[in-house]
Amino acid sequence: MAPAAPSAASRIAVVTGASGGIGAATARQLAAAGYRVVLTARRKDRIEALAEEINGNGGQATAYALDVTDRAAVDEFATAFKTIGVLINNAGGALGADPVATGDPADWRTMYETNVLGTLNITQALLPALTASGDGTVVVVSSTAGHGTYEGGAGYVAAKHGAHVLAETLRLEIVGTPVRVIEVAPGMVRTDEFALTRFGGDAEKAAKVYAGVAEPLTADDVADTITWAVTRPSHVNIDLLVVRPRAQASNTKVHREL
């Protein structure tokens, strides 16, 4: 089935965490699908460059520097919209890989604030505009970490379980309104920054995450699944889409050619 073109009332798509990785790739693909994308992230220079790229390629994009954990800033941002069609909750990330016994509470707090409270903030603020469109879609980009655990991942796993439950509960609570709730849960994705950020810039530790895995997912792979889910006909809701590379059978079972 060919992707459905967005209607005039639902053609605006807000993408959080759009400064790189999955967020940037999703913005590019939604713009190519006919959406006017609003790029948000803390790094203003990165989203402005992406907006310039998308506009130069014939799409429509606007950059807006935003920290989704800042509720006052999020509420101010939301006043710019009477209606929007799509919200991509992509902002988040992982910090550290310490066991529960020695994990840094500050890292846990940051992960919860970005992955869960940030998603809550922007979803609450934009839900009226999504509903007003008559054809809204909320996407929560969670992780397979939100559906299973692994050693050394408890802080991130806890945060992504929170994101998963937020999406699942919201879907129950707003059933009957013209808003879909989609969760996309990627497994092993190799981007320029995710593992590097998780390990505090330690390139050697970051590389070990993907060691021997011939083809981890790319940001474009995940963006493709998000765009596919968003562009299904309005009555079709992709509740949960789990996407992993072929080499990954679970969070703890990965084929490595070493």
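**Helix α2 and its packing against α1**

Helices α1 and α2 pack at an angle of about 25°, with their axes 10 Å apart; axes here are lines fitted to C-alpha atoms over the stretch in contact, and angles run from 0 to 180 degrees between N-to-C directions. The two helices are therefore roughly parallel to each other, a label for angles under 35 degrees. The model is a predicted one, in which local features need pLDDT of at least 70 and side-chain atom pairs count only at pLDDT 80 or more, while totals for chains, interfaces and linings use all residues. Residues are numbered from 1 along each chain as its sequence is written, and side-chain values use heavy atoms, with hydrogens and water left out.

Where the two helices meet, A24, A27, R28 and A31 of α1 touch L50, E53 and I54 of α2 (contact: heavy atoms within 4.5 Å).

Turning to α2 itself, its 13 residues (44-56) should span 18 Å at 1.5 Å a residue, and the 18 Å between its end C-alpha atoms agrees; the expected span is 1.5 Å times one less than the number of residues. Within α2, I47, L50, A51 and I54 are buried (under 20% relative accessible area with a 1.4 Å probe, protein chains only; exposed is over 50%). Seen down the helix axis, these buried residues fall within an arc of 100°, so they line one face of α2. Their cover includes α1 (21-32), β2 (36-41) and β3 (60-65). The face turned away from the buried side carries the exposed residues D45, E52 and G56. After α2 comes G58, with a positive phi near 95°.

Methods. Helix = DSSP H or I, 4+ residues; strand = E, 2+ residues; numbered from the N terminus. Arc of directions from axis to C-beta. Parallel < 35°, antiparallel > 145°, perpendicular 65-115°, else oblique.
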